[in-house]
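Colleague: I am new to this one. Could you walk me through it?

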Amino acid sequence: MSADQNRPDPAAKRTPADARPDWHETAPVVSIEDFSIDYAGERPVHAVVDVNLTLGRGEILGLAGESGCGKSTLAYGITRLLQPPGLITSGRVVFHSREGYDIDLTTISGKQLREFRWDKIAMVFQGAMNSLNPVASIGAQLDDVFTTHRPTMKAKDRHARCGELLERVGVGANRLRSFPHELSGGMRQRVMIAMALALDPQVLIMDEPTTALDVVVQREILDEITRLRQEFGFAVIFITHDLPLLLEISDRIAVMKAGHIVELNDAYDLYTDPQDAYTKRLLASFPSLTGERGDFIRTGAMDDRLEEGR
Amino acid sequence: MSTLSLSHVTKKYRLRNGIHSSVLIAVDDVSFDLVSGQTIALVGQSGSGKSTIAKMILQVEKPTSGVISLDDTPVIRRGAGLRRYRKDVQMVFQDPFASLNPYHTVEHHLDRPIRLHFPELSKAQRHQRVLDLLERVRMSPAEDFAPRHPHELSGGQRQRVAIARALAPEPKILIADEPVSMLDVSIRLGVLNLLAELQRQENLGVLYITHDLATARHFSDEIMVMHQGDIIEHGPADDVILHPQHDYTKLLANAAPNPERRLKQLAK
């Protein structure tokens, strides 16, 4: 039986909740057009070059690539968090709000930008579990989000909402008064996700959210993200270098190399039928858990797929 | 042939909490043998006691009870005896950014262990050994790499220097604590390949500590699964991964990203 016959029709292979025939085209939430970012210097570094991407509403888009390929820079560019010498040199990022209006993110600034961030696009940072303030309780830090972005909210409502958020991510409202050091790495990561979800954003950008966690906790967090996505309907840009992990949760995967997106495809197709040589090499660097692939380590035979470009 | 064996090794830590104290059993009655030429992977969640075992083997921690012996002689914990033991048992650390001293050159890092363990060598001979070591970890031209400082190397190159340093005293046993987890995905297999090749050349016994089941399966002959200080499963690599017996091993195997299984799910 050929691989083609084996392959189901793309629209039929998913559950109805996920069914999405080219969803990202019909209902986009973020469109990125010809987006380029440079790091200015004596020799400017072109960190992101002419990226075109459309993120569908409620879609999980995986962004894969090695360190230094520009995947985090792209995320920072989308949220306009770039610090000099980082500079957006061309292109635009348009956010299509569910209320029906569009915002060009590259043009707004000041108050407008502050209102936009977190509220519409929230971000979970790399090593997020260490980005909590060690001298403030979890509750106080969650509360800060609301005092800043929802100044009219009453203290009692804020408290209730913070508790509810912690329940949602599986930490429990009774931990509101805990300090970060009293929580495990996985729980701190959940708190960070709760914080990102606080204002019901339409897009969540997660930059290596599970890299520092061990496999069992990582699995819990992934399940949590999948569940929360169904509950809230936000779209996710999931940045990591771990391709097998991306396959588990993403609808589509984009592979980045030296600032370019070299391949963008449905997760299933990208894994079973990679087109670009770099994607193939990246896939080859993960030994398979149950299959035969990867046996070459034990024999010590050098695989030329790994040598190329190094 | 050398054998490193742990018999009924237990490590307890006393946790103090105000005036109360409790005992944490980090490693509970663990016994296994590591023979030259063999690779054993030690897998488990963080906090399961993997690193405590490594520390005890390296004599950084003292077991509360039980005996660690090399070739049937219990390890001497001080003086010349300990130095001899350290010559035979070496370690590669997880983070190559932290394990090399930023002030010193690559040559210095490799020269030190040679000077300590082979005091009879002349300066020129030591230099030649440093170059040989660098060539063996595929860092050529070695003359070019020897005078460099760690910040002039990439993560993978640093880790290869760390491997060369561990090989400098010509050990029989190598403990590798997550040697590739800090490296970029595309060079991980390259470093593991190198370790496997060196292992065969030197007939080293390797204890590979990791939480990555996929590389553990392909890199090692046997796998030991640790859970809360206990070794709950120990067997040939393929058996442990493909036919896990213990519930916890099954949990670990299911938690690891597994594209093959996922593809089957999607295809349904």
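Colleague: How many residues does the contact take from chain A and from chain B?

Modeller: Keep in mind that this is a predicted model. Two residues are in contact if their C-beta atoms, placed from the backbone, lie within 7 Å. The contact takes 35 residues from chain A, and from chain B 35 residues.

Colleague: Which helix gives the most to the side of chain A that touches chain B?

Modeller: The elements of chain A that give two or more residues to this side are H8 (215-232), H9 (243-249), H10 (267-272), H11 (277-284) and H12 (296-299). By class, the side of chain A that touches chain B has ten charged, ten polar and 15 nonpolar residues. With four residues, the one that gives the most is H9(A).

Colleague: Why is chain B said to be as compact as a globular protein of its length?

Modeller: Chain B has eleven helices and ten strands. For 268 residues, the globule rule gives 18 Å. Chain B is as compact as a globular protein of that length because its radius of gyration is close to that value, at 20 Å.

Colleague: What share of the residues in chain B is buried?

Modeller: A residue is buried if 20 or more other C-beta atoms lie within 10 Å of its own. Of the 268 residues in chain B, the buried share is 44%.

Colleague: At what angle do the axes of H5 and H6 of chain A cross?

Modeller: Gly139(A), Leu142(A), Asp143(A) and Phe146(A) of H5(A) meet Arg158(A), Arg161(A), Cys162(A) and Leu165(A) of H6(A). The crossing is right-handed. The axes come within 9 Å, and they cross at roughly 120 degrees.

Key: Residues numbered from 1 in each chain as written. Chains lettered and ligands numbered in written order. Predicted model: local features only at pLDDT ≥ 70, side-chain atom pairs only at ≥ 80, totals over all residues. Nonpolar A, V, L, I, M, F, W, Y, C, P; charged D, E, K, R; others polar. Rg over C-alpha atoms; globule rule 2.2 N^0.38 Å. Buried ≥ 20, exposed ≤ 12 C-beta atoms within 10 Å, placed from the backbone. Axes fitted to C-alpha atoms, helices over the stretch in contact; angles between N-to-C directions. Left-handed = near helix turned anticlockwise from the far one by under 90°.
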